[in-house]
Amino acid sequence: MNKNEFISIKFDLVNGLIQWYTRKYHIKLSELRDYAYDSNEVDKLIMEKGDYVIYEVYEIERPVVEGEMIFGVTRIFPGVIGQEYNFTRGHYHVNKMAGEIYVGIKGCGLMLLQDLQGNFFTEVLERGSLIYIPGKYAHRVVNTCDEDLVFLFAYPAIAGHDYELIKKCGFKKVVLNIEGKPTIIDNPKY
Ligand code: F6R
Ligand code: ZN
């Protein structure tokens, strides 16, 4: 194997910073409008504070062929959109055989998981959590604490991402800050 095919980089496990990546992108408040529990709160916040970044992703891309893996780090900033804690859009993998691993590096929150049959689960995602997500489960992460929530992810390059279903119906439940406590309630849009 050609030495250039290896990737060996430094990863700051305290702050969740990777030294090298091939793609960085961020998702701003306005891009969560269709995913939010209350889209009016998104509009209100943009008027008040402008369109700020909710989370950023640092990814090491690989060719989209069987056997390859894509991996990187996601950082969700703390905060609420109305009562709803900051969250990632969430998605299904197009290839239902493609699972994923998340490892919590910093901060704390919840992972929401659901399948197409309507089964729904939550798992705590915090520093030291290791979560394996079987390919059929849509997954979203919610930052319920007052610091950055950072996690490492790794998934097969051929997974593919389907956001449409989540954009339309969301997850079965949403996580709201009610009287200062993370509270899981039914999503009326689901
Ligand atoms: C890839 C994966 C993560 C997320 C990232 C942003 O399969 O699960 O890399 O893509 O945390 O979340 P989304 O893609 O849901 O906006
Ligand atoms: Zn995924």
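User: A salt bridge is a side-chain nitrogen of Lys or Arg within 4 Å of a carboxyl oxygen of Asp or Glu. How many salt bridges does a search of the whole structure find?

Analyst: This is a predicted model, in which local features need pLDDT of at least 70 and side-chain atom pairs count only at pLDDT 80 or more, while totals for chains, interfaces and linings use all residues. Residues are numbered from 1 along each chain as its sequence is written, chains are lettered from A and ligands numbered from 1 in the order in which they are written, and side-chain values use heavy atoms, with hydrogens and water left out. Among the salt bridges, the side chains of R62 and E68 meet at 2.8 Å, N to O. For the whole structure, the number of salt bridges found is 9.

User: Which residue forms a salt bridge with R33?

Analyst: The closest N and O atoms of the R33 pair are 2.8 Å apart. The pair links distant parts of the chain, 10 residues apart: R33 in the loop between β3 (23-28) and α1, and its partner in helix α1. Helices (H or I, at least four residues) and strands (E, at least two) are DSSP runs, numbered from the N terminus. The partner of R33 in this salt bridge is D43.

User: Is D115 buried or exposed?

Analyst: The side chains of D115 and K136 meet in a salt bridge at 3.7 Å, N to O. D115 lies in the loop between β10 and β11 (120-126) and K136 in the loop between β12 and β13, so the pair ties together parts that are 21 residues apart in sequence. Buried means under 20% relative accessible area, exposed over 50%, and partly exposed in between (1.4 Å probe, protein chains only). K136, at 38% relative accessibility, is partly exposed, whereas D115, with a relative accessible area of 1%, is buried.

User: Which handedness does the disulfide of C108 and C145 have?

Analyst: A disulfide is a pair of cysteine sulfur atoms within 2.5 Å, and C108 and C145 have theirs 1.8 Å apart. C108 lies in strand β10 (residues 108-114) and C145 in the loop between β13 (138-143) and β14 (149-156), so the pair ties together parts that are 37 residues apart in sequence. The torsion about the S-S bond is about -105°, so the disulfide is left-handed.

User: How much of the accessible area of ligand 1 does the protein cover?

Analyst: Ligand 1 is surrounded by 17 residues, the closest being Y55, E100, Y102, H161 and Y163; a residue is near a molecule if one of its heavy atoms lies within 4 Å of it. Oxygen atoms of ligand 1 lie 2.7 Å from a side-chain N or O atom of H161, 2.8 Å from a polar side-chain atom of T74, and 3.1 Å from a side-chain N or O atom of H93. On its own, ligand 1 has 400 Å² of accessible area (Shrake-Rupley method, 1.4 Å probe). The share of this area that the protein covers is 99%.

User: Where does E179, a residue with a positive phi, lie?

Analyst: E179 has a phi of about 50° although it is not a glycine. At 81% relative accessibility, E179 counts as exposed. Its place is in the loop between β16 (173-178) and β17.

Definitions and conventions
Polar contact = N/O pair within 3.5 Å; in protein donor to acceptor, adjacent residues only side chain to side chain.
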